[in-house]
Amino acid sequence: MAIKYVAEPFRIKMVETIKMLTREERVQKIAEAKYNTFNLRGEDVYIDLLTDSGTNAMSQEQWAGVMRGDEAYAGSSSYYKLLDAAQDITGYKYIQPVHQGRAAEKVLFGVMMGKGQYSISNMHFDTTRAHVELSGARAVDCVVPVANDPAKRAPFKGNMDVERLESLIKEYGPENVALVIMTVTNNSAGGQPVSMANVKETAAVCKKYGIKLNIDAARYAENAYFIKQREEGYADKSIKAIINEMFSYADTFTMSAKKDTIVNMGGLYGVKEDEELFTACKGRTISFEGFTTYGGLSGRDLEALAIGLYEGLDEDYLKYRIGQMEYLASRLDDAGIAYQSPVGGHGVFVDAKAMFPHIPYNEFPGQALAIELYIEAGIRTCDIGSYMLGNDPDTGKQLEANFEFTRFAIARRVYTQAHIDIMADALIAIKKRAEQVKGFRITWEPPVLRHFQAHLEPVK
Ligand SMILES: *Cc1c(COP(=O)(O)O)cnc(C)c1O
């Protein structure tokens, strides 16, 4: 039996009409999109689960803040409001807004690392990896092995493998490890949380070898909620206190504010106390993003972000949000549909390999399920598997991913229980005709980040 749905802790004041096209229209639209869900028009999608990034619904307070935004080029009052909020929540002395998370990575990593060096992370998000590599350094993932077993339930599948981290540092030489990055929650592993104990242990290893620790903080509030629910000693702590403690173990953070801070655009980075480092970053901020008091954002964006930083910590909201994932997961449990379990914070990662055992990795089971979901119910998702992983840069051969997921990323404060039921029902319908579903082949692809643009066709 599915668990009880946690009711929305808000009511609806403004609506956006969505429409489901007919099945014939959907079959035609997805063919026109060359079987790539990124090529669909938003208006042709009924329920959009492509990403939880920047797709959030802002509150009445945030929209009121938009009107109050101070558009002064220098010294905007909205900037100071944002500074106060971020300093209060993270405890960091130096805070800098930027236009989105990858801008924070571009600025910081360009200062902190370079050729011949390494960045080690519990898992680099794709833009994070790209900016490590653009700086000339190499990105190495070091997640706990249980993350690669979707059926095995563990409370903190996003954790760093601390033992392996230390042996990697010894192997590369501490002087060659420029940075350790803790991604919370661990996006690429399915939004899986990291425990406080693991952050602490990772920080201790970094300290031992004189290496800086950066938090990739896109989903810091969801991660704190999991710590409160699952880790001993945190049940009575506030979300803010948990976040504050987590940040205290690191030296810097980069943040995509398009996730847990519930805005549509924005980012931040922070430096706990190293003034010299912050000064170096400031220079790059001005050349890439704009003057330091706006960092690539409008005053209205800064204002909405300052408000969202606090709204994202609200426990009633977090309970409802994680409750949505758990409700969808429990409906899948009832139907015997496998997913990365237990569910993470921002989406449900359905195990397409388990649903389509007859489709090999190089015919992209995760993509096949994404296409079926659009045809079945107008639902847009994406592949997190071999299709997204791409080709070996040296041999040009298709790589095989550890998992073949189709990601249902849930936008914040956007969809209701009835929408979630449509998602579950669509999966159940597809499972019934699973053996008829065919794989895909690529007919055209660009050299990098191909999944955004590639053209595909069904295998005959
Ligand atoms: C989204 C994301 C980023 C990149 O942020 P953008 O705002 O998309 O540029 C970096 N790291 C993680 C973990 C993310 O989820």
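Mentor: A salt bridge is a side-chain nitrogen of Lys or Arg within 4 Å of a carboxyl oxygen of Asp or Glu. This model is predicted: local features need pLDDT of at least 70, side-chain atom pairs need 80 or more, and totals for chains, interfaces and linings use all residues. Residues are numbered from 1 along each chain as its sequence is written, and side-chain values use heavy atoms, without hydrogens or water.

Trainee: How far apart are the closest N and O atoms of Arg219 and Asp52?

Mentor: Arg219 and Asp52 form a salt bridge. Their closest N and O atoms are apart by 3.0 Å.

Trainee: Into which domains is the protein divided?

Mentor: The bounds come from an automatic or database domain assignment. The two parts are domain 1 (23-52 + 314-458) and domain 2 (60-311).

Trainee: How many salt bridges does the rule find across the interface of domain 1 and domain 2?

Mentor: The area buried there (accessible area, 1.4 Å probe, lost when two parts are put together, summed over both) is about 2500 Å². Carbon and sulfur atoms give 50% of that area. For salt bridges across this interface, the rule finds 7.

Trainee: Which element gives the most to the side of domain 1 that touches domain 2?

Mentor: Helices (H or I, at least four residues) and strands (E, at least two) are DSSP runs, numbered from the N terminus. Helix 12 (315-335), strand 9 (347-351) and strand 12 (405-409) each supply at least two residues to that side. With 7 residues, the element that gives the most is helix 12.

Trainee: Is Thr406 buried or exposed?

Mentor: Thr406 is found in strand 12. Buried means under 20% relative accessible area, exposed over 50%, partly exposed in between (1.4 Å probe, protein chains only). Thr406 has 0%, so this residue is buried.

Trainee: Why are the buried residues of helix 6 on the same side?

Mentor: Helix 6 (residues 162-172) has the buried residues Val162, Leu165, Glu166, Leu168, Ile169 and Tyr172. They lie on the same side because their arc, taken from the directions from the helix axis to the C-beta atoms, is only 160 degrees.

Trainee: Which exposed residues does the face turned away from that buried side carry?

Mentor: The buried residues pack against strand 3 (118-121), strand 4 (138-141), strand 5 (177-183) and helix 7 (196-209). The face of helix 6 turned away from them carries Glu163, Lys170 and Glu171.

Notes. Contact = heavy atoms within 4.5 Å.
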